[in-house]
Amino acid sequence: MARGFRDQFDAATLKVMKKKSAEAKARLMGFCAAVVDDTPVLTGTLKGSWQLLKGNNRNFDVNTPLDPSGLATKASLQQKIKYLPIHMDWNLTFGTPVKYAHKIEFEGWSQKAPQGMVRKNIAIG
């Protein structure tokens with residue numbers, strides 16, 4: 001009897017973890033995709049440079065391809081998010097190695113993104 005309850009409890013726990021993980025992954029992907037979509041395009045360098053790294057890692061790949069549409073970047077982000085584990089918390093860093101991104105985000109260097117890309121989407125929640 002106790003084994004049956006334990007199995008049911010474990011199954012229920014796994015079901016809840018899968019559901020909550022799927023919800024969190026969907027929110028994370030929505031945020032990342034919105035930032036990519038709101039990134040202004042001149043050549044596609046900045047739009048193609050957004051990355052998601054594990055931990056407090058700042059070792060962004062500086063050799064990312066141009067991606068004026070953002071489709072390849074969002075597909076790459078989706079793949080990383082898809083394989084995040086369901087049984088533990090995530091410690092992630094989302095960012096870009098492009099030096100002028102800070103100026104676009106905080107100093108209004110682009111008329112296409114006067115409110116920035118990241119702050120705007122954090123405010124939307």
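The accessible surface of the chain amounts to about 8,400 Å², of which 59% belongs to carbon and sulfur atoms, as calculated by the Shrake-Rupley method with a 1.4 Å probe. The model is predicted, and local features therefore need pLDDT of at least 70 and side-chain atom pairs count only at pLDDT 80 or more, whereas totals for chains, interfaces and linings use all residues. Residues are numbered from 1 along each chain as its sequence is written, and side-chain values use heavy atoms, with hydrogens and water left out.

Four helices and two strands make up the elements of the chain, in the order α-β-α-β-α-α from the N terminus; helices (H or I, at least four residues) and strands (E, at least two) are DSSP runs, numbered from the N terminus. The radius of gyration, taken over C-alpha atoms, is 18 Å, well over the 14 Å that the globule rule (2.2 Å times the number of residues to the power 0.38) gives for 125 residues, so the chain is more spread out than a compact globule. Along its principal axes the C-alpha trace spans about 65 × 30 × 25 Å.

Of the 125 residues, 32% count as buried, that is, under 20% relative accessible area (1.4 Å probe, protein chains only).

How values were computed: Buried means under 20% relative accessible area, exposed over 50%, partly exposed in between (1.4 Å probe, protein chains only).
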